Amino acid sequence: MLTAHSLCWLCRLPLALAHWGFCSRCARMLLYPHPLCPRCGLPSASTTLPCGRCLQKPPPWQQLVAVNDYIAPLSQLVQQFKSSGKPELANALARLLLWRAMLNAKGSQPDGIISVPLWQKRQWRRGFNQSDLLAAALSRWLGCQWYARALRRTRATPVQHHLSARLRKYNLKNAFHLEFDVRGLHIVVVDDVVTTGSTVAEISRLLLRNGAAKVEVWCLCRTL
Ligand SMILES: [Zn+2]
Ligand SMILES: [Zn+2]
């Protein structure tokens, strides 16, 4: 008998491999390459060379991997995931992210994964952290450590939404404390959607300041 989990999340057709979440046709469509800059993840003319923005002012992380631009139907699936937190949908989306990372693969396997903390995203009422759900699945498949309690908040940070880029950076400065030794490690910072990037930038700077060898940001969507 078919269960809800053995249907594609998008087209609802039965899946040959139930745990994959999407049929191969839908997965290809969701991963269809809209050229994104490999450094910042924003739309760009090239998928291999950094965009003009990154040449002028590179972000602190070395690489940003996004499943795709914030476009339908991926954006709708991400919204559904954010409101429901269904573990099966988390696994299906995390698998797309892993596929994208494999397609982009340059260099080494990460040593550890950090998810952007819930308190930073101000979603207490939701009761789950969607980045944790993605990070847990990815660390399992990659066979690397998920540092679930890697970051401690050192002070309350005011809500970011209405602040300028400069004020956001100031607002987040020294807002976190790192709880483990990252010296020489290749770390992936996982978030569901990266918008301005100010939070993942602050986490990346903290990791690099503490001796991380390489920092990548992996997210479902990157948008401004
Ligand atoms: Zn499908
Ligand atoms: Zn760029």
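**Close-up views of the predicted model**

View 1. Strands (E, at least two residues) and helices (H or I, at least four) are DSSP runs numbered from the N terminus. The model is predicted: local features need pLDDT of at least 70, side-chain atom pairs count only at pLDDT 80 or more, and totals for chains, interfaces and linings use all residues. Residues are numbered from 1 along each chain as its sequence is written, chains are lettered from A and ligands numbered from 1 in the order in which they are written, and side-chain values use heavy atoms, with hydrogens and water left out. Strand β2 runs parallel to strand β3 (residues 145–146), to which two bridges join it; strands pair if DSSP finds at least two bridges between them. Within this pairing, I113 stands opposite W146 of β3. Four bridges, also in the parallel sense, connect β2 with β6, where V190 stands opposite S115.

**View 2. The site of the zinc ion (ligand 1).** The SG atoms of C8, C11, C23 and C26 are the protein donors and lie 2.3 Å from the ion. Donors are N, O and S atoms within 2.8 Å of the metal (3.2 Å for Na, K and Ca); water is not among the atoms, so sites may look incomplete. Angles among the four donor atoms are 101 to 120°, and the site is tetrahedral (four donors with all angles between 85 and 135 degrees). Along the chain the donors follow the spacing C-x2-C-x11-C-x2-C. C8 and C23 both lie in the segment before α1, so this pair ties together parts that are 15 residues apart in sequence. Both C8 and C23 are buried.

**View 3. The site of the zinc ion (ligand 2).** Here the protein donors are the SG atoms of C37, C40, C51 and C54, at 2.3 Å from the ion. The arrangement is tetrahedral because the four donor atoms subtend angles of 104 to 114°. The sequence spacing of the donor residues is C-x2-C-x10-C-x2-C. C37, in the loop between α1 (24–30) and α2 (52–56), and C54, in helix α2, are 17 residues apart and link distant parts of the chain. C37 is buried, with a relative accessible area of 1%, and C54 is likewise buried, at 6%.

**View 4. The nonpolar cores.** The largest nonpolar core has 37 residues, of which F22, L93, L96, W218 and L220 touch the most other members. Such a core is a set of buried Ala, Val, Leu, Ile, Met, Phe, Trp, Tyr and Cys residues joined through side-chain atoms within 4.5 Å. Elements giving two or more residues to this core include α1, β1 (63–69) and α4 (87–104), and α4 gives the most, with nine residues. Beyond its neighbours within four places in sequence, L96 is in contact (heavy atoms within 4.5 Å) with F22, A27, L30, L31, V67 and L74. A second, separate core of 25 residues includes L178, V189, A201 and V215.

**View 5. Helix α8.** Nine of the 12 residues in helix α8 are buried, and the helix is mostly covered. Among the buried residues are V200, A201, I203, L206 and L207. Just after α8, G211 takes a positive phi of about 100°.

Conventions:
Tetrahedral: all angles 85-135°; square planar, octahedral: opposite > 155°, others 65-115°. Buried < 20%, exposed > 50% of the residue type's maximum accessible area, 1.4 Å probe, protein only.
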